Every structure is written in C-alpha cells, then in structure tokens.
Amino acid sequence: MFYLDVYTSKPSTLVPTADDDQPRDALTNELLKGSFVGFPRTNPDGENGEDDEDEPVVVEEDERVPKGGKKKTKKTMDFVLEKNKEAYRLKAAPKCGHCGEAVGVVVEGKFEGSFYPTEDDGKIHVECYDEYRLGKAPSCIFCSKPVTSVGGEFSGKFYDMDEGKLHAECIDAYEEAQENA
Ligand SMILES: [Zn+2]
Ligand SMILES: [Zn+2]
C-alpha cells in the first residue's frame, strides 16, 4: 500500500505500465523519475549533433512523452537522470584522438574543455595537443626527433630532403656527416 500525490496544472491521468515500458536512463538504465535531462542523440553522420550537445534540454516531468509518442522521441533523444548527466555527457562526448578520453567537456583538474580540431575531423584536448603534435610529426632524417617546433630546441623549420625532413637546426651536422661518409 502506498500513497501518491500528484500536483499538476494540466489534465492528467495515471497509467499503470509494465516496468519494461518505462523510459529509462540511457546510461544506467534506471527508471526515469524526478528531473531528468534529454540529450540529442549523437548523430553518427556528424550532421548537426555537435553544437546541440552543450545545451541539454531540460524536460519537465509533466512533459514526459506519453506511451505511443515514445518511439519518435527515443530516436532522437537520450534521456538521463539529472544526477547522471555529467557521466552521460562524458560518455557521449567525442573522444580525444590522442588519449581517448572525452573531449569538449570540463573534467575538473584534468581537462579545461577546449580542444583543437584535427585535419581528419578528430578532436584533441588542448592539454594533449603538444604530445599529439610531436607524435604526428615526421622524424628528422638526421636526429630522429620530431620535426615540428619544440620550445627552445627546434624552431619547426626544416628542409625537405629526398630521404625525408631535416631540421633546419640539423643541416650543418647533416652535411658534415655526408661529407665524411
Ligand atoms: Zn586527450
Ligand atoms: Zn634533427
């Protein structure tokens, strides 16, 4: 035996349904109750999902989609409980092309939320970018270190040689080595 008080400004009915029919949290599969948040489901085609993600749609409880209308909503929105929204956001966020963690969301003490886009439509944390850049850079044919600007060590200038790229800083040593070869 339990009592349920419902306060609403709109005409409402209570419809008993099986648990399986209840809308559930997209992350934890808990029943949705109280306040929850809808996120536009990430579009795999990448058409317009991107910018909407930052603005979760807050759904009031009495606007919950009734049975029958559920299907349509389910296609485009994921609903999660208010308490799970950060976890969902992390899970749904695109992943960093360097470290594989969520990009575009703030992670306290770790990521400030900013990222650099890459040429192949990827995203790299600002925090990861230096390492990423070094990892992507071609190696110098002389010293094998990455050919890109490295604070204090390399300017990022290079020569395009037949064998590959050569640091501007390495050209003298390289030519000397060639002469002695
Ligand atoms: Zn990263
Ligand atoms: Zn070099």
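Reader: What share of the 181 residues of the protein chain count as buried?

Author: Please keep in mind that this is a predicted model. In the protein chain, 18% of the 181 residues count as buried.

Reader: Where is strand S1, and why is S1 described as largely enclosed?

Author: Strand S1 covers residues 36-40, and four of its five residues are buried, so the rest of the structure largely encloses S1.

Reader: Which strand pairs with S1, and in what sense?

Author: The partner is strand S3, residues 77-81; the two pair in the antiparallel sense over five bridges. Within this pairing, proline 40 is found opposite methionine 77 of S3.

Reader: How many helices and strands does the protein chain have, and in what order do the elements run?

Author: There are five helices and seven strands in the protein chain. Starting at the N terminus, the order is β-α-β-α-β-α-β-β-α-β-β-α.

Reader: Where in the protein chain is confidence lowest, and where is it highest?

Author: The protein chain has an average pLDDT of 81, and 78% of its residues score at least 70. Confidence is lowest in helix H1, residues 49-52, with a mean of 42, and highest in strand S7, residues 164-167, at 97. Over residues 44-53 pLDDT stays under 50, and the model has eight contacts beyond four places in sequence for them. Residues 69-74 also have a pLDDT below 50, with three contacts in the model beyond near neighbours in sequence.

Definitions and conventions:
Residues numbered from 1 in each chain as written. Chains lettered and ligands numbered in written order. Predicted model: local features only at pLDDT ≥ 70, side-chain atom pairs only at ≥ 80, totals over all residues. Buried ≥ 20, exposed ≤ 12 C-beta atoms within 10 Å, placed from the backbone. Pairing = 2+ DSSP bridges. pLDDT = per-residue confidence, 0-100. Contact = placed C-beta atoms within 7 Å.
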